[in-house]
Amino acid sequence: MAIIEIQNLRKTFRSGDVDVHALRGVNLLVEKGEFLAVVGKSGSGKSTLFHILGGLTPPTSGVVKIDGQSLTDLDEAGRTKLRRNSVGFVFQKYNLLPTLTIRDNIDIARDISGKTAPWDAAFLEVVELLGIAEKLDRKPRQLSGGEQQRVAIARAIVNQPAILLADEPTGNLDTENSDMVLDLLRHLNKRTGQTVLMITHDPEAAAFADRTVQMRDGELYSA
Amino acid sequence: MVYKLVYENLKHRPVRTLLSSLAIGLGVTMMLALVGVGEGMLEDQANRARGVGADLVVRAPGSSVVGMGSLSMNQGILEYVRSQKHVALATPIGVHSTGGVSSIMGINYEEFAAMGGGFRFREGGKFSAQNDVIIDDLYAREKKLKVGSFLNTMNRDWRVSGIFASGKLARVMIPLTVLQELASAKGKITMIYVKLDDPANTQAVIDAMKKDLPEYPIYAMDELIKQFSVNNLPELKAFIGVVVSLAVLFGFLVVFLAMYTAVLERTREIGILKALGAGPGYVLGILLRETVLLAIIGSLCGILMSYGTRWLISTFIPASMVQAIVYSWWPIASLITLAGAVLGVLYPALKAAKQDALDSLSYD
Ligand SMILES: Nc1ncnc2c1ncn2[C@@H]1O[C@H](COP(=O)(O)OP(=O)(O)O)[C@@H](O)[C@H]1O
Ligand SMILES: [Mg+2]
């Protein structure tokens with residue numbers, strides 16, 4: 001069964017008196033354990049698609065299902081629960097909480113989803129793999145951009161979400177750090193079977209994924 | 001975990017935390033100082049009344065229990081009181097207000113001294129001339145007076161002839177006859193203090209006198225001293241009410257401003273938490289806890305500062321005011337402030353709870 005199922009998804013923003021059709025009938029199936037890259041020009045609707053999948057904004061019409069759960073009729077409370085339990089988000093800007101240590105940045109995601117037990121062996125391995133095990137007691141500003149993005153990845157998967165959404169995760173990084181982050185995403189995907197969807201405008205980055213789809217004017221095409 | 005975030009947020013802006021706490025503390029100090037002054041002054045008044053050494057007091061008809069009173073009683077009553085069974089000593093007192101809460105008291109020195117076991121003079125001694133005055137040590141300290149200094153009241157310069165240890169009803173005393181003359185109230189007194197052969201007879205004597213003097217309030221000293229309570233001072237109670245309201249308003253405004261700016265400053269953090277799945281309750285809880293913590297720190301500051309006001313009062317105006325430390329008001333003042341603070345955080349917290357996660361997570 002597909003973990004993501006999207007049929008004829010539309011999203012229309014009303015800005016002032018004009019309707020902006022960000023998504024104009026998107027269809028997509030993603031299998032569990034897949035690593036998918038979404039490429040496309042700026043303004044083509046990639047982020048909007050992720051925001052809908054991540055429960056950050058409701059769809060206007062169409063079918064969206066994650067792990068069999070429909071997002072179309074979720075209210076704000078339902079989307080909050082979706083964000084808490086079913087999706088992990090990695091942003092272009094790392095979006096760590098600046099006043100908390102790395103460990104606490106990860107723990108707050110667990111606290112929000114009501115988990116208090118210490119990190120299990122599998123997650124400790126992930127932390128090791130991401131190369132942040134030595135930095136857990138530092139504050140975000142003491143880490144490089146690449147390190148911060150790896151912390152953001154750890155935070156996004158600490159609750160074992162059904163899908164990991166990464167919106168231009170290497171947009172702020174140099175080639176060396178980009179490659180490291182992309183390598184880690186692929187590694188995580190292969191090793192733990194974590195489903196990953198990644199937006200990028202860089203074809204080299206897209207090459208790390210199993211499959212690439214292209215967004216053009218609010219519609220998806222296989223590339 | 002949330003407490004860590006709250007703690008780190010408070011630590012992150014130390015000046016904001018400090019200033020908000022101090023401002024919240026000011027409200028607490030206002031309440032504690034006022035209640036403390038009320039209690040302190042009543043206690044002091046009670047101590048000084050005790051220092052007279054009387055068993056009962058006869059006051060003028062219509063006078064209030066705790067007020068100082070005026071020269072409105074006929075001195076003739078004195079003869080009647082002296083003639084009563086069990087009365088060992090009865091001495092008249094004259095009180096004349098010299099504006100505001102200050103007053104000057106006229107006494108028959110020998111009688112008054114005999115009743116309370118004598119004055120303890122720190123310096124000098126009793127009056128010897130018509131314009132002599134005796135004052136207590138606190139008044140001397142506040143007004144920087146010594147024996148031989150002059151003090152002006154009732155349009156006259158008085159020479160300080162003695163400074164006595166405080167605790168003898170009044171701080172400033174002159175001979176009763178001199179007071180009556182100056183106040184154009186010859187033959188008028190304010191009250192009569194009475195000492196009995198045995199304090200056990202107090203109630204019997206009061207009952208007997210009340211039959212002959214039904215109009216006159218007559219109190220056993222123990223009873224009278226029990227009346228020195230905030231409950232019998234409606235003005236003070238009303239004023240405490242005003243200050244309590246001000247403190248609530250104060251806590252409200254301080255916290256509203258502090259937390260409103262915090263919410264504006266933290267839209268990004270709030271957005272991150274929401275993207276991680278934090279619901280409105282989670283966000284609300286963070287801000288509420290931060291507020292409660294601020295209120296607790298503020299209350300502690302306020303309690304400390306109330307020791308500061310007590311020091312100021314006892315150092316600079318020991319005779320005019322006494323501030324007690326009223327422990328029972330610590331939790332009351334803290335809770336009142338907390339109430340204001342929680343009201344203050346409501347709007348900022350609701351704004352934060354309703355904030356759209358995406359608003360602050362623009363990443364283009
Ligand atoms: N909140 C919004 N309100 C109005 N228009 C929006 C909003 N978010 C995105 N859009 C519009 O939707 C279109 C798609 O945007 P976006 O999904 O961010 O594209 P991409 O991520 O591919 O650059 C753009 O035209 C953008 O201006
Ligand atoms: Mg985008």
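Author: A:Asp104 and B:Lys4 join their side chains in a salt bridge, with N and O 3.1 Å apart. This pair runs from one chain to the other: A:Asp104 sits in helix H3 of chain A, residues 102–112, and B:Lys4 sits in helix H1 of chain B. The model is a predicted one, and side-chain atom pairs count only at pLDDT 80 or more. Side chains of opposite charge can pair when their charged atoms come close. With a cut-off of 4 Å between the side-chain nitrogen of Lys or Arg and a carboxyl oxygen of Asp or Glu, the 3.1 Å of A:Asp104 and B:Lys4 therefore qualifies as a salt bridge.

The interface of chain B and chain A holds two salt bridges by this rule. B:Glu8 pairs with A:Lys139, and here the closest N and O atoms are 3.5 Å apart. In B:Lys4 with A:Asp104, chain B brings the lysine; in B:Glu8 with A:Lys139, chain A brings the lysine. Over all chains, the structure has 25 salt bridges.

Polar contacts across the interface of chain B and chain A come to six residue pairs, both residues at pLDDT 80 or more. On the side of chain B that touches chain A, helix H1 (2–12) and helix H10 (267–275) each give at least two residues. By class, that side of chain B is made up of 13 nonpolar, five polar and six charged residues. In total, 24 residues of chain B touch 26 residues of chain A. Together the two chains bury about 2400 Å², and 64% of this comes from carbon and sulfur atoms.

Within chain B, the assignment gives domain 1 (2–44 + 233–361) and domain 2 (61–216). Ten residues of domain 1 of chain B and six residues of domain 2 of chain B take part in the contact. The C-alpha centres of these two domains are 47 Å apart. Between domain 1 of chain B and domain 2 of chain B about 640 Å² is buried, with 50% of it on carbon and sulfur atoms. Of the area that domain 1 of chain B buries against domain 2 of chain B, 61% is supplied by B:Asp44, B:Pro318 and B:Ala319, more than by any other three residues.

B:Asp44 also has a charged partner, as its side chain forms a salt bridge with that of B:Arg171 (2.8 Å, N to O). One salt bridge is found across the interface of domain 1 of chain B and domain 2 of chain B. Five residue pairs, both at pLDDT 80 or more, are in polar contact across this interface of the two domains. Helix H11 of chain B (residues 280–316) gives the most to the side of domain 1 that touches domain 2, with three residues. That side of domain 1 of chain B counts six nonpolar, three polar and one charged residues.

A polar side-chain atom of A:Lys46 is 2.9 Å from an oxygen atom of ligand 1. The backbone takes part as well: an N or O atom of A:Gly43 lies 2.7 Å from a ligand 1 oxygen, and a polar backbone atom of A:Ser44 is 3.3 Å from an oxygen atom of ligand 1. The residues around ligand 1 also include A:Phe13, A:Val20, A:Ala22 and A:Lys41.

Notes. Residues are numbered from 1 along each chain as its sequence is written. Chains are lettered from A and ligands numbered from 1 in the order in which they are written. This is a predicted model: local features need pLDDT of at least 70, side-chain atom pairs count only at pLDDT 80 or more; totals for chains, interfaces and linings use all residues. Side-chain values use heavy atoms; hydrogens and water are left out. Domain bounds come from an automatic or database domain assignment. Contact means heavy atoms within 4.5 Å. Buried area is the accessible area (1.4 Å probe) that two parts lose on being put together, summed over both. A polar contact is a pair of N or O atoms within 3.5 Å; within protein, one must be able to donate a hydrogen and the other to accept it, and residues adjacent in sequence count only if both atoms are side-chain atoms. Helices (H or I, at least four residues) and strands (E, at least two) are DSSP runs, numbered from the N terminus. Ala, Val, Leu, Ile, Met, Phe, Trp, Tyr, Cys and Pro count as nonpolar, Asp, Glu, Lys and Arg as charged, and the others, Gly among them, as polar. A residue is near a molecule or strand if one of its heavy atoms lies within 4 Å of it.
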